[in-house]
Amino acid sequence: MAETQGGRSLVVDAVTHRYPSGALAVENINLDIKGGEIIALLGPSGCGKTTLLRIIAGFIAQTQGRIIIGDDIVDTLPPNRRAVGIVFQNYALFPHLSISENVAYGLAARGIDKATRQREAQRLLDLVQLPAMGERLPRQLSGGQQQRVALARALAIKPSILLLDEPFAALDKNLRLDMQIEVKRLQRVSGITTLIVTHDQEEALSMADRVAVLSHGKLEQFGTPSDVYDRPQTLFVNTFVGSTNRMPGVVVSADRTAAKVRLDAGAEIIARPAGGALSEGGRVTVCIRPEHLQFVGDETGFAGVVGMSLPLGATVVHEVTTADGSGVKVSQARIGETRALENGAAVRLAPLAPSLANAFPATL
Amino acid sequence: MGTAPASRDVTSYGMGLAAPLALFFLLFFVAPLLQLFWLSLHNDTAGLHWGLGQYLHFLTDPFSLGVLGSTLLLGAEVTAVCLVLGFPIAWLYQRVGPKLQTIIILIVLLPLLTSVVVRTFAWIVILGRQGIINATLQSLGIIDTPLKLLYTQFGVVIALAQVQMPLMTLPLITALGRIEPNLDDASCSLGAGSWRTFFRVVLPLSLPGVIAGCTLTYAAAITAFITLSLVGGGQMLFMPMYLYQQASTLQNWPFAAAISIIFLLAVLAVVSVFTTLGRLSRGHGGA
């Protein structure tokens, strides 16, 4: 068993898994995770992120590829010998055992004596701020408390890797934020390498050092939250993470760093070729986030007519119909007095900067 | 897994709805039982003298006590066999696909689809001197003379275990199905091997099913008159047959009634031991 808590690296090396039916669950996934990092596996349901988590934990044997924890290739080890701590989506606390017995369960499995187990369980319950709950049964605790117990139980075995499967999905919004902060605090204290599986992009962006975006079993992008949000490498990442306007157009001219695109909405703009080189004359989809569009007074940009305006507190979102009949959303920060826009007003829009408009080759 | 009664207000339902069944039970269960008890309190067959003579006779007679003891022991043996064989079937049921589940449930229920008499005669064919087992073993040259299987404790236990198996397996399947499947994974990820997972998680959580299965199997096994008399034959005397002899053959109704009451109390005692054991083990964990 690993005695060193946290800090161990995790390498997912060219992992492919095929279901018995022949369908691919995950395909050629490569992740190089440094010790002590928090990584989010982000993707819609069915993208293979839970399968990947179960492969790392050892519940599923991958068809190809290797899982390396620290210096050890763990592929031949069963889950009970991998020293991987898991927090399950529904917490999976043992309903017939008290809270301290739950926390001490992994220690008992390692043959640690009762006095040490009790002391260690109490230390962990203090750590997750439930010092007085040891004698209770799981069903006597609230959802958030059960989650803390599940965390304490996973940390008790001093795992080299901590895996969290949709850990906050069952919690209401306020509690979710508290628990996200709590998990991040515990992760910082223990320094343990942590992998969070989630379909919630805000959760991934706010909690993780790096985010791995998965779609249909493939790794779309693996990078820091700002990489993924500001410099998406695929159209999927750009549309799945954050909201975006998709504007079709044709490439007028292009080099490696910039492309001039004629939008169907009726303007030429400079965009960043985000998904690799673009060819002149090719159809592209340009993605511009609502907060990266601005109203312009001159003749640059494209024309549109304001429809609905939605004041959302800190921002106001305007719906604008462009010349080609498609709708775009524009988000304006409410700083001081924002410009009042009437329904039906004619406006012109342009991206804030060329780097904030991402052009991807159009898929059919 | 708590099985504490839900704190629902019983009186909010119309108690009148239970009246037809209550009346039925009163007429055809409680009344005959009281009559039986009444009968057992007579010292003579004519029913003229009151007293506890029948009970005294039974409790001081080594033969009667022997029959009671061997019957209770037989029940324990059948229950143990059913539990040991039934648990793996129930466990398997929860881990296979829906197609295999259908097949397993069909096999489990199959004994219930045939009459007890037919099933018991089938066992006579299998276990008899010229039966399938002896014929096979002899033709293979493993034994020279036929084994005595019929009319033995072994034969009775085997036949009863087959007949009562559904009563054990069905509650076990239900209980195992209620266990959160993630708990297996959780136990494993915390470092526990399959045996520890079984004894610390699966078995304690399936205990309500084990208790229910044991209670049903036990009660059904020791009262299975037909199987006991046919497979047990004349040499093996158990309570149902003893009772029948006293009532029908010897016309000693008060003594037969006393046997019934004692038998009933003995079974209730065993069943309440099961239930208490269950409650004690569930209490473990600081509930």
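Which residue in S19(A) is the bridge partner of A:Phe295? I looked it up, and the partner is A:Leu349.

Housekeeping first. This is a predicted model, where local features need pLDDT of at least 70 and side-chain atom pairs count only at pLDDT 80 or more, while totals for chains, interfaces and linings use all residues. Residues are numbered from 1 along each chain as its sequence is written, and chains are lettered from A and ligands numbered from 1 in the order in which they are written.

Entry on the open sheet. I found 5 strands of chain A in the order S15-S19-S16-S17-S18, with antiparallel pairing. Strands here are DSSP runs (E, at least two residues), numbered from the N terminus, and two of them pair if DSSP finds at least two bridges between them. S15 (293-295) and S18 (327-333) of chain A are at the edges with a single partner strand each, so one side of each has no neighbour in the sheet. On average, neighbouring strands are turned by 45° against each other, direction ignored (axes are lines fitted to C-alpha atoms, and angles run from 0 to 180 degrees between N-to-C directions). Between S15(A) and S19(A) (residues 346-351) I noted 3 bridges.

Entry on its partners. S3(A) runs parallel to S8(A) (residues 193-198) over 5 bridges, with A:Leu42 opposite A:Thr198. S3(A) also pairs in the parallel sense with S9(A) (residues 210-215) over 4 bridges, where A:Ile39 has A:Arg210 as its bridge partner.
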